[in-house]
Amino acid sequence: DMDTPVNKIIIEVRAGAGGDEASIFAGNLVDMYQRYSAKRGWNFSIIDSNQTTLGGYKTFIGKISGLGVYDALKNESGVHRIQRVPGTEKNGRVHTSTASVAILPEVESKVFEINPNDLEISFFRSSGPGGQNVNKVETAVRITHKPTGVVVASQTERSQNANKENALTILRSKLFEEMQRQQASSLGAIRREQIGSMERSEKIRTYNFPDDRITDHRINKKFHNIEKILAGNLDPIVETFSKKSA
């Protein structure tokens, strides 16, 4: 039942516009969620990631489990924008970069069945940052859902089977979310509980370093102490949203 607090989520962070700086920002967001999870006593694990040499991420997919995790983080979905002077910038110019976040409730197989004939499954060797082979065995898994063209991968587990389970979990959550979205729009139920229209392309929040200010555009509220918030002190933002929906 999706109405009960969902205690397992898939989190996906992708670097957007802004080159290296966008990847570094994606890495900052991943750190923030990881540290916040530790504060809340949630379990945070990596499923698949594409790391850059500067320690950022082009893409990051992970899993967070713990009490009330979906309710706390569902409002993180959308485009996050950062304005700051990158460490590599010689002339002190402020750059604007983006990263997108998707929070999906983890859907169990008994809730949503996938037809095995719709899947194309391939195995490959997982590679760490910098491309050195982590192992010589093809344990990493890539699954393509032929009807929709959705591709998912998992490479952090040690066995093919564990990676396949992970990848299927992500796929199930993505397909289920898409099905729910289609149902919602076909029923004209666009007035969803989530604030804003939840379009991934929509800019939800700006992190402005020169002014030490985070603005959430959906509720038009400002927060200060960017460094503290990025260090995992997300409560002020999370609590503002839970008051809004209360």
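How many aromatic pairs does a search of the whole structure find? The search turns up five, and we'll look at some of them below. First, a heads-up: this is a predicted model, where local features need pLDDT of at least 70 and side-chain atom pairs count only at pLDDT 80 or more, while totals for chains, interfaces and linings use all residues. Residues are numbered from 1 along each chain as its sequence is written, and side-chain values use heavy atoms, with hydrogens and water left out.

**The sheet**

- Start with the open sheet, which has eight strands in the order β2-β3-β1-β5-β4-β9-β10-β11 and mixed pairing. Strands here are DSSP runs of E with at least two residues, helices are runs of H or I with at least four, and both are numbered from the N terminus. Two strands pair if DSSP finds at least two bridges between them.
- At the edges sit β2 (43-51) and β11 (221-224), and each of these pairs on one side only.
- From one strand to the next, the twist averages 20°.
- Strand β10 (residues 213-216) runs antiparallel to β11, and four bridges join the two. If you look for the bridge partner of I214 in β11, you'll land on F223.

**The helix across it**

- Helix α1 (residues 19-40) lies across β1 (8-15), β2, β3 (57-65), β4 (78-84), β5 (95-105) and β9 (203-208). Its angle to β5 is about 40°; axes are lines fitted to C-alpha atoms, for helices over the stretch in contact, and angles run from 0 to 180 degrees between N-to-C directions.

**Aromatic rings**

- Rings of Phe, Tyr and Trp (its six-membered ring) pair if their centres lie within 6.5 Å; planes under 30 degrees apart count as stacked, over 60 as edge-to-face and the rest as tilted.
- F44 and F60 are a stacked pair because their ring centres are 5.9 Å apart and their planes are at 25°. F44 belongs to strand β2 and F60 to strand β3, so this pair ties together parts that are 16 residues apart in sequence.
- Y57 and F60 are edge-to-face, since their centres are 5.1 Å apart and their planes are at 65°.
- (Buried means under 20% relative accessible area, exposed over 50%, partly exposed in between, using a 1.4 Å probe and protein chains only.)

**Charges over rings**

- R84 lies over the face of F209, at 5.3 Å from the ring centre. To count, NZ of Lys or CZ of Arg must be within 6 Å of the ring centre and within 35 degrees of the ring normal.
- K221 has its charged end over the ring of F223, 5.7 Å from the centre.

- A15 is in strand β1 and counts as partly exposed, at 24% relative accessibility. Leaving aside neighbours within four places in sequence, A15 is in contact (heavy atoms within 4.5 Å) with residues including A22, Y57 and T98.
- E113 lies in the loop between β5 and β6 (119-124), and E113 is exposed at 63%. Its C-alpha atom is separated by 9.5 Å from that of F176, 63 residues apart along the chain.
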